[in-house]
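Try each one before reading on.

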Amino acid sequence: MNSSSPNPRAGTEPPTAGSSEAIKVQIQGLSFFYGNHQVLRSVSMDVPALKVTALIGPSGCGKTTLLRCMNRMHDLYPGNRYVGRIVVQPDGTDIIAPEVDPIQVRMRFGMVFQKPNPFPKSIYENVAYGLRLQGVNQRKELDEKVEKALREAALWDEAKSRLHQMAHNLSGGQQQRLCIARAIATDPDVVLFDEPTSALDPIATSKIEELIVELKKRVTVMIVTHNLQQAGRISDMTAFMYLGELIEFGETNRMFTNPAKPQTEDYISGRFG
Amino acid sequence: MPCDGGSIVRPKSFYHAQEKRARHRRLIDRAFRWLGMILTVTTLGVLGVLLLNLAMNGLGRIDWNFLTSFPSRRAGEAGILSAWVGTLLLMVVTASAAIPFGVAAGIYLEEYAPKNRMTDFVEINISNLAGVPSILYGLMALGLFVYQFRFGQSLLAGGLALACLVLPIVIVATRESLRTIPSSIREAAFALGATRWQAVWHHLLPYSTGGISTGVILAMSRAIGESAPLITIGALTFIAFLPPAPLIAHAPFVSGEWLFSPFTALPIQMFNWVSRPGEEFQSNAAAAGLILMVITLSMNAAAILLRKRAQRNITW
């Protein structure tokens with residue numbers, strides 16, 4: 001990416017060798033409040049572009065809250081307050097600045113939820129909806145983009161013969177892949193996954209995991225997961241959060257084999273959480 | 001668990017007492033079953049007798065002439081033409097006012113309004129409105145629509161009075177069917193960049209049409225039988241003409257003149273006939289009542305069918 005200097009932050013490990021060291025999102029001193037209750041405490045981390053970044057930590061540590069800051073989902077509910085900055089590269093927009101329209105932010109940050117939540121519409125219409133919101137209404141263009149998204153979500157072969165049937169006729173795993181197709185159809189910069197496999201069986205889960213690894217070729221991925229093995233299998237970077245603070249953030253391999261902080265080690269070795 | 005009858009040995013008297021208690025409990029159970037059945041049959045019986053009575057008195061009077069004649073001094077020649085046309089037009093006015101206002105208010109309260117004291121207050125009062133006696137709506141309409149807005153004793157004033165009466169039903173039905181849509185669906189739409197209005201228009205409204213239409217039909221079937229508010233605003237009981245036609249031969253081809261026409265309606269026509277001496281008028285009243293009853297029951301049936309269909313078509 002253009003001139004984004006590799007943000008020197010003291011205390012983190014030196015950058016690893018590699019071609020894609022570009023930073024996609026810089027989270028800087030982010031705090032978040034539900035009313036008077038502080039959920040995030042000055043979280044700072046640089047999310048690398050075209051990598052999978054996993055957020056782990058015990059329940060209530062704020063990892064889902066952090067994820068939902070990224071697409072301003074909290075703005076839908078009253079009494080929430082952000083402090084700090086979330087800067088998206090390459091344009092350097094601070095997406096939590098009050099003058100930034102959350103709707104614009106959500107068009108750049110796709111989201112896949114914990115439970116598959118397709119609209120009660122056809123498979124085709126589910127994928128096309130985000131495109132329609134962005135003003136695509138030519139039949140041909142829609143057809144092409146829907147097919148592309150379904151192929152990328154590894155659902156095309158199963159769905160091509162029944163594009164106009166209700167999405168709810170699909171199995172749970174297929175529905176979640178449909179939700180992924182819906183999220184990537186509009187070419188977002190980042191896709192946010194909020195425990196996407198917690199409602200799925202192991203086979204469906206492994207399909208989604210393969211898909212996420214495949215996705216990072218063209219999109220930056222952030223994923224909240226309760227499943228440490230999952231974080232280990234699919235993520236390049238891991239952030240461990242505890243009580244609203246970012247305890248440690250680094251390369252997944254290093255985090256899992258040689259964590260720097262005792263809390264991280266305790267959590268990863270299963271001593272708590 | 002082994003099936004050797006257990007290791008506890010109990011005296012015979014224990015089982016005897018247990019059996020006795022069980023018999024007693026079964027008796028209560030059976031008694032309630034019969035009591036419940038009797039009460040249900042009685043309730044349905046009242047409805048049945050009512051319908052049967054209406055049918056016996058009125059069925060003989062229902063024929064083509066009865067539907068196409070104006071009321072008359074001579075009971076045998078009298079009909080309900082002006083009454084059913086009036087009822088139909090009233091329902092047009094009521095629905096066109098109650099549906100947009102009620103649905104919009106329901107959407108606002110459920111999807112837009114901040115959750116604070118003020119909305120709580122509004123909510124409580126909407127439920128209260130549903131319990132206000134209908135004649136009070138008539139008084140309000142008399143003051144507001146008839147005199148203040150100078151609509152006169154017209155279809156417009158009557159239809160609006162009924163619309164106010166059923167507005168709470170439409171609002172509550174709208175809110176309830178919106179509430180059945182899980183928040184994950186809203187979040188899915190918002191996460192793709194939908195505005196609140198787009199979420200409502202593309203998703204929430206289409207997914208709740210079944211519930212809303214059910215509520216609207218029930219509201220209409222409530223309005224169709226109301227007479228008190230209409231009498232209060234001064235609906236006439238003897239109308240021997242039809243309101244001006246809404247479609248006319250010259251541009252702009254539609255006319256709102258009918259809105260300001262005096263009117264009568266089925267319940268009022270019934271009320272008029274019931275209060276007259278003479279058995280023939282009584283059977284006219286029964287015939288009109290039978291028709292009203294059939295309309296109401298079929299509207300309710302439609303509402304039930306619609307609800308069933310809506311439930312079948314949408315799953316989350």
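**Exercise 1.** Work out how many residues of domain 1 of chain B are in contact with domain 2 of chain B.

*Solution.* Eight residues of domain 1 of chain B are in contact with nine residues of domain 2 of chain B, a contact being C-beta atoms, placed from the backbone, within 7 Å. By class, the domain 1 side has four nonpolar, three polar and one charged residues; Ala, Val, Leu, Ile, Met, Phe, Trp, Tyr, Cys and Pro count as nonpolar, Asp, Glu, Lys and Arg as charged, and the others, Gly among them, as polar. Next, the bounds: domain 1 is 9–61 and domain 2 is 63–313, from an automatic or database domain assignment. Their C-alpha centres sit 38 Å apart.

This is a predicted model: local features need pLDDT of at least 70, side-chain atom pairs count only at pLDDT 80 or more, and totals for chains, interfaces and linings use all residues. Residues are numbered from 1 along each chain as its sequence is written, while chains are lettered from A and ligands numbered from 1 in the order in which they are written.

**Exercise 2.** Find how many residues of chain A are in contact with chain B, then sort them by class.

*Solution.* Start with the count: 17 residues of chain A are in contact with 16 of chain B. On the chain A side, helices H2 (102–108) and H3 (123–133) each supply at least two residues (helices are DSSP runs of H or I, at least four residues, numbered from the N terminus). Sorting that side gives 11 nonpolar, four polar and two charged.

How values were computed. Contact = placed C-beta atoms within 7 Å.
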